[in-house]
Amino acid sequence: MKQTLLNLSANGRLIAGLLVNLLSSICIVFINKWIYVHYGFPNMTLTLVHFVVTWLGLYVCQKMDIFAPKSLPIRSIVWLALSFCGFVAFTNLSLQNNAIGTYQLAKAMTTPVIILIQTTYYKKAFSTKIKLTLLPITLGVILNSYFDVRFNMLGTAFATLGVLVTSLYQVWVGAKQHELQVNSMQLLYYQAPLSSGFLLCVVPMFEPLTGDGGIFGPWSLPALATVLFSGVVAFLVNLSIYWIIGNTSAVTYNMFGHFKFCITLVGGYLIFNDPISINQALGILCTLAGILSYTHFKLAEQEEGKSRLAQRP
C-alpha cells in the first residue's frame, strides 16, 4: 500500500512537471506575441525583463536548496552570456515580425545549423541517416516561407539571425557545462545577471527610455502586468525543462517537444488568425516528419552506444 502511494505521488509529480512545461512553453510564445501585437512593448526591454525575473527566480530556488550554485570565473562565460542575449532577442524579434507558424518552423532550422557547426568546427561525425533527415526539415521551412502571405525580408533576417545565434548558444552551452562541470541551472544562475548587464548597457542605444514605446513610458497597468507575467512564464520554462531532463528519459523530453511544436502551430492559426495555404501545410508536415525522423535515429544511436558500453568487459 505504501509503495503504491509512493508510485502515485511520483507519477503525480511527473505529470505536474510535464503540464507546467507544456503550458509555460506554449504560453510564452502566445503571451509575447500578444504583447507585441496589442501593446507594442519594446523587444529588447522585454528580453531584459525576462533575464532579470529568471535570475531572481533562480536566486529563490537556490535559497530553497533546489540546486547548489557553483562559483564560476566570469571571463569564462562572457561570450556565452552575449550569445544568450542575441539568442533571446533575435528569437523574440522573429516572433514579433513573423506569423507564429513561420517563427516556429524557422526554429526547426537550429538542428541542421548545429550539425553544420559541430561538423565544421568540432570535427564531430554524424551518420548518413541523421544527415538525410535534415533534407525534409530544410525543405519544409523553405516551402512554408515561400508560400507565407505575410513573408517579409525583415522577419526573415531576424529569423535567420535567431537560428544562427541560437545554434551557437546551444553548442557553447554543452561545451561550457562539460568544461566547467556544472548543470544548466548553475550555469544560468551566473549567465542571466551577466546577460542582463549587457542588455542594460545596450537598450538605451536602440530603444527609447521615456515617451511612447519607452520602458518608462505611459504603459497601462494591464500591459505592465502582462510583461511581468511573461517574465514569470519564461522562468517556468527554464525551470521545468531542467526538471524534466532530470526526471524523465530523453525520449519523453523529445516527444513532448514535438507535441508542443504542433500545439503552438495550431494555436497560432486559431488565436492570431494566421492564414495558411495547402503548400504551407505541406511544408509543416515535411518539417515535422524530418524532426521526428531525426529524433528517432538520434535516440536509436544513443541507445546503441549505451549497449556497446555495457557489453565491454
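**Exercise 1.** Find the salt bridge that joins the side chains of E179 and K176, and state what the N to O distance is.

*Solution.* The side chains of E179 and K176 form a salt bridge at 3.4 Å, N to O. The term stands for a side-chain nitrogen of Lys or Arg within 4 Å of a carboxyl oxygen of Asp or Glu. By this rule the count is one salt bridge. E179 and K176 are three residues apart in helix α7, so about one helical turn separates them. K176 counts as buried because its relative accessibility is 18%, where buried means under 20% relative accessible area with a 1.4 Å probe, protein chains only.

The model is predicted: local features need pLDDT of at least 70, side-chain atom pairs count only at pLDDT 80 or more, and totals for chains, interfaces and linings use all residues. Residues are numbered from 1 along each chain as its sequence is written, and side-chain values use heavy atoms, with hydrogens and water left out.

**Exercise 2.** Sort the lining of the largest cavity by class.

*Solution.* The lining has three nonpolar, four polar and two charged residues. Among the lining residues are Y269, N144 and D148.

Methods: 1 Å grid on protein atoms, 1.4 Å probe; cavity = no way out; pocket = protein on both sides within 12 Å on 5 of 7 lines; lining within 4 Å. Nonpolar A, V, L, I, M, F, W, Y, C, P; charged D, E, K, R; others polar. Helix = DSSP H or I, 4+ residues; strand = E, 2+ residues; numbered from the N terminus. Buried < 20%, exposed > 50% of the residue type's maximum accessible area, 1.4 Å probe, protein only.
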